[in-house]
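Dear colleague,

I am passing on the structure below, together with some notes on what was found in it. Please have it open beside this message as you read.

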Amino acid sequence: MWGGEERVLPLDYNVHFWQHVGRLKRRNSCITWRAIWMAVVWTLWLHRNAIIFRQETSNLDHIIDPIKFRA
């Protein structure tokens, strides 16, 4: 449970994205959520590639700061 709600995370990224967007009532909230979601996904992808191709180690600071910057 996170944020006071129980969730089942889908395996498909598209379903995961729309699962959360559909809950938002205001357009500004929807746009904000899309930006944050894309920043998270893109940052995780880049970090994954750095681990695989440049043998970097997993580091939470290397994930959180870029997400904040991109969002």
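A search through the whole structure, which is a predicted model, turns up one salt bridge, a term that stands for a side-chain nitrogen of Lys or Arg within 4 Å of a carboxyl oxygen of Asp or Glu. The partners are Arg-54 and Glu-56, whose closest N and O atoms are 3.2 Å apart. Arg-54 is exposed, at a relative accessible area of 56%, whereas Glu-56 is partly exposed, at 34%; here buried means under 20% relative accessible area, exposed means over 50%, and partly exposed is what lies in between (1.4 Å probe, protein chains only).

Two conventions apply throughout. Residues are numbered from 1 along each chain as its sequence is written, and side-chain values use heavy atoms, with hydrogens and water left out. Since the model is predicted, local features need pLDDT of at least 70 and side-chain atom pairs count only at pLDDT 80 or more, while totals for chains, interfaces and linings use all residues.

As for the overall build, the protein has three helices and zero strands, and from the N terminus on its elements run α-α-α; helices (H or I, at least four residues) and strands (E, at least two) are DSSP runs, numbered from the N terminus. Of the 71 residues in the protein, 17% are buried. The accessible surface comes to about 6,200 Å², and carbon and sulfur atoms hold 61% of it, the areas being computed by the Shrake-Rupley method with a 1.4 Å probe and, for residues, with only the protein chains shown counted as cover. Among contacts with a separation of 6 or more, 25% are between residues 24 or more positions apart, where contact means heavy atoms within 4.5 Å.

Helix α2 spans residues 27–53 and includes Leu-46, which is partly exposed with a relative accessible area of 32%. Together with Trp-42 and Trp-45, Leu-46 forms a nonpolar patch on the surface, with about 330 Å² of accessible area between them; patches are made of residues with over 30% relative accessible area and no salt bridge, like charges being joined within 9 Å and nonpolar side chains (Val, Leu, Ile, Met, Phe, Trp, Tyr) within 5 Å. The charged end of Arg-48 sits over the ring of Trp-45, 4.6 Å from its centre, which is counted when NZ of Lys or CZ of Arg is within 6 Å of the ring centre and within 35 degrees of the ring normal.

His-47 also belongs to helix α2, but His-47 counts as buried, at 8% relative accessibility. Setting aside residues up to four places away in sequence, His-47 touches Thr-57, Ser-58, Asn-59, His-62 and Ile-63. Ile-51, another residue of helix α2, is partly exposed at 32%, and beyond its neighbours within four places in sequence Ile-51 is in contact with Glu-56, Thr-57 and Ser-58.

In the loop between α2 and α3 lies Gln-55, which has a positive phi of about 55° although it is not a glycine. Gln-55 counts as exposed, with 60% relative accessibility.

Lastly, Phe-69 is in helix α3, residues 61–70, and is exposed at a relative accessible area of 74%. Phe-69 and Ala-39 are 30 residues apart in sequence, with their C-alpha atoms 8.4 Å apart in space.
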